[in-house]
Amino acid sequence: MFFHITLERNMQLHPRHFGPHLREKLIAKLMKDVEGTCSGRHGFVVAITNVEDIGKGLIREGTGFVTFPVKYQCVAFRPFKGEILEAVVTMVNKMGFFAEAGPVQIFVSNHLIPDDMEFQSGDMPNYTTSDGSVKIQKDSEVRLKIIGTRVDATEIFCIGTIKDDFLGVINDPGAAS
Amino acid sequence: MSMEPFNRLVRLAARAFYDDITMKGDNQPKSGRGDNRGMAVVVLDALTRRQWVREEDLAKALKLHSKQLRRTLRFFEEEKLVTRDHRKETAKGAKVFSAAVAATGDGQQMVKEGEEKTKLHTHSYCCLDYAQIYDVVRYRLHRMKKKLKDELDSRNTIQEYICPNCGKRYSAFDALQLVSLTDEYFHCENCNGELVAESDKLAAEEMGDGDDNARRRRREKLKDMLQKMEEQLKPLTLQLARVKDLPVPEFGSLQAWEARANAAAHASGDSSAIDSTKSSQGQGYGGTPMPFLGETRVEVALSGVEVKEEDTESDIKATSMKVLPPWMIKQGMNLTKEQRGEVKPTSKMDESSAPVDDKKSKDMKGDEKSIQDEYLKAYYEALVKRQKEQEALKKMQQESETSRASTSDFSNRVSEALAERRVGMKSKREDDENDDVEWEEASPAGSTGGTYKLADLNVEANASSDDEDDIDWEEG
Ligand SMILES: [Zn+2]
C-alpha cells in the first residue's frame with residue numbers, strides 16, 4: 001500500500017557546501033540518501049514530494065559538519081498481509097517462485113500454487129497447468145496475495161499465495177511472443 | 001408465492017447465529033437476571049410475522065422495553081438483517097401507517113386510533129430485508145467454510161522446511177537465503193542438505209516432533225469442526241437452496257410500502273381488483289393475511305370454527321402459521337387443505353381488504369355470511385397468535401433454552417444443535433460489540449480454548465499472525 005507521509009531526518013552537510021546553494025545541496029543530498037531506502041517502520045521510500053522545513057543547523061565540534069533537522073514529505077510503499085499485489089516473476093524453482101513488486105521481494109512456495117499447476121524443470125523452469133494454458137515462468141506477471149511479511153530494519157520480505165480466486169498469471173510475455 | 005420459505009430461513013438463521021446473543025448495554029453487569037439470551041430470536045421471529053412495523057408497537061406486542069428492543073434492532077441493522085427507518089411524524093402520518101398496516105392485514109397491530117393522534121415525535125420503523133438476509137447468511141456460511149478449509153489446506157500458512165540431516169528448521173521467509181544456484185531445491189545453511197517441506201507428512205512424522213503432533217491434532221480438530229458445521233447447519237443450507245430461485249419478498253422503503261398498501265386497500269372495492277394488485281406485487285402481502293379489527297367487534301360465537309381452529313393451532317404450536325409450510329407437514333397430521341397451502345385462501349385475501357372496505361363504505365358485497373365467518377376465524381387466530389407471543393415472551397424471560405427446546409420440532413432440532421456452540425458465541429460477542437464487519441475482524445486468540453466456535457472461525461486463522469504483523473509495524 002502506498003502512503004504519503006511526513007518524515008524527519010537529521011542531515012549532515014559538509015562545510016564545502018555552505019554558500020548560496022546550501023538549501024539545494026541539502027535537498028539533493030536528502031533525495032540521494034533517502035529515496036529507495038527501506039525502513040521497517042514505513043516501508044520503502046519511493047519519492048520525496050516536498051521539503052517542509054529545514055531547521056537550524058548545528059555545527060558539530062571537531063569536524064565542521066553541520067547537522068540540519070529536515071522535515072520532508074514522501075511517498076512510501078509498504079506491503080501488508082492480505083494485500084493483493086501485482087508482481088513480476090524473477091525466479092522459478094521446485095520449491096516455488098520469487099517475484100518482485102517494485103522493491104519488494106515475494107516468495108510463493110509451491111503449496112501456495114494451485115494444485116493443478118505442476119513444476120517443469122528445464123532451461124526455463126516453470127509451473128504449468130496440465131492443459132498448458134497457464135504458465136508461470138521468469139518474467140511472467142502474476143497477481144498474488146500477501147499472506148505474511150517479514151519486516152526487518154532495512155528489509156521487507158513477503159510470502160505470497162496465488163491459490164485463491166482471481167489470483168495467478170495476468171500476463172505472460174512468453175506466451176505472447 | 002409465499003414468504004414462508006424466507007421466513008423459515010430467517011428463523012433458522014436466527015437460531016443458528018443469534019440464539020446466544022445478549023443484548024445489553026456495555027455498562028450493565030452480567031448478572032443472571034439481566035440475561036436476555038434468546039431475545040434476538042424472539043424479535044426476529046416476530047418480524048417474520050410482520051412487514052414494516054413501528055418499533056413501539058413491536059415492543060408493546062413483545063412486551064419488551066422499547067430501549068431493549070431498539071438495541072436489538074440496532075444490532076440486527078448492523079448485521080444487515082433489518083432495515084430501519086426513522087421519521088418525524090404527525091398524527092396523520094401515523095394514521096397513514098396504521099391504514100397501511102390494516103390494509104396488509106397484519107392483525108398484530110392492535111392500536112387504537114385515538115391513541116395515535118397524540119403522538120407527534122420521531123418514530124422508528126423496521127422490517128426484515130429478505131434479499132439482504134439471503135446474501136448475508138450465504139456470505140457468513142461461505143466465510144466460515146472458507147476459513148476452515150483454508151486452514152485445512154494450510155492455504156494461508158507460511159510453509160516451513162526441515163533439514164533431514166541436522167533437523168534445522170526454516171520458514172518460507174528464509175527462502176532467499178536458501179536458494180541454491182545449482183539445483184531446484186532449498187539447501188540447509190549448515191550442512192547444505194536438501195530441505196524438505198514440512199507439510200510432506202512423512203517427513204513430519206519422521207521428525208516426530210511435539211510440534212507435529214500438535215499440528216496433527218489441530219488438523220483433526222479442524223476437520224471435525226468442519227464436519228460438525230456442515231451437519232449442524234444442514235437445515236440452513238437446505239433452506240438456502242430451497243429459497244434460491246424464489247423471488248425475494250420486497251417491501252420497498254417505508255413510504256413506498258405504505259403507499260402501496262394503502263393503494264391496495266383503496267382498490268379493494270371489488271375483490272377481483274385486490275386479487276390482481278396482490279399478485280402483481282409478487283409475493284402478496286403477508287403469509288398471514290389478517291384483517292385489522294380495531295372496530296369490528298364480533299363475539300366469537302361460532303363454536304364450530306373456534307374449536308377447529310384451536311385444535312389445529314395447538315398442533316402447530318409456536319409457529320402460529322395458518323398455512324403450514326411444507327417442511328412442517330408430517331404424516332399423520334390432521335390438517336385442512338388450507339393449512340397445507342394447497343388451497344390458496346382467496347377468501348382471506350378478501351378479509352384483508354374487507355375491513356377497510358367495511359369501515360369506509362359499508363358496501364360489502366358477495367356472501368356476507370361467509371365473509372363474516374372468515375372474520376371470526378381470522379379474529380380468533382389473531383387472538384391465538386397474540387397469546388402465543390405472550391407465552392413466548394414469558395418463556396423467554398423464564399429460561400430461554402429449556403423453553404425453546406420444547407416448543408416445536410423445528411426449533412428443537414436447531415436449538416439442540418446450538419447448545420454446543422454457545423460458549424464460543426458468547427466470547428465472541430464480548431469482543432465484537434462495535435465491529436461492523438465482524439467476520440473480517442480478528443478477535444483475541446485467547447478465547448479459543450477448545451470450544452467449537454461457530455461464528456468467528458476466522459479468528460483462529462487470523463489472529464496470531466495478524467497481531468505479529470501489527471507489532472512489527474509499530475516497532476519496526
Ligand atoms: Zn542441515
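The following legends describe close-up views of a predicted model. Local features require pLDDT of at least 70 and side-chain atom pairs count only at pLDDT 80 or more, whereas totals for chains, interfaces and linings use all residues; side-chain values use heavy atoms, with hydrogens and water left out. Residues are numbered from 1 along each chain as its sequence is written, while chains are lettered from A and ligands numbered from 1 in the order in which they are written.

**View 1. The zinc site of chain B is tetrahedral.** The ion is held by the SG atoms of C163(B), C166(B), C188(B) and C191(B), at 2.2 to 2.3 Å (donors are N, O and S atoms within 2.8 Å of the metal, or 3.2 Å for Na, K and Ca; water is not among the atoms, so sites may look incomplete). Angles among the four donor atoms span 98 to 122° (four donors count as tetrahedral if all angles lie between 85 and 135 degrees). Along the chain the donors have the spacing C-x2-C-x21-C-x2-C. C163(B) is buried at 0% relative accessible area, and C166(B) is partly exposed at 40% (buried means under 20%, exposed over 50%, partly exposed in between, with a 1.4 Å probe and protein chains only).

**View 2. An open sheet of three strands in chain B has the order 5-4-6.** The pairing is antiparallel (strands pair if DSSP finds at least two bridges between them; strands are DSSP runs of E of at least two residues, and helices runs of H or I of at least four, numbered from the N terminus). Strand 5 (169-171) and strand 6 (196-197) of chain B are the edge strands, each pairing on one side only. Two bridges connect strand 4 (residues 160-162) of chain B with strand 6 of chain B, where A197(B) is the bridge partner of Y161(B).

**View 3. A salt bridge joins E258(B) and R87(B).** The N to O distance is 2.5 Å (a salt bridge is a side-chain nitrogen of Lys or Arg within 4 Å of a carboxyl oxygen of Asp or Glu). E258(B) belongs to helix 12 (residues 254-266) of chain B and R87(B) to strand 2 (residues 82-88) of chain B, so the pair ties together parts that are 171 residues apart in sequence. Both E258(B) and R87(B) are buried.

**View 4. D115(A) and K163(A) form a salt bridge in chain A.** Their side chains meet at 3.3 Å, N to O. D115(A) is exposed, with 64% relative accessible area, whereas K163(A) is buried at 12%.

Key:
Four donors count as tetrahedral if all angles lie between 85 and 135 degrees; four count as square planar and six as octahedral if opposite donors are over 155 degrees apart and all others between 65 and 115; anything else is irregular.
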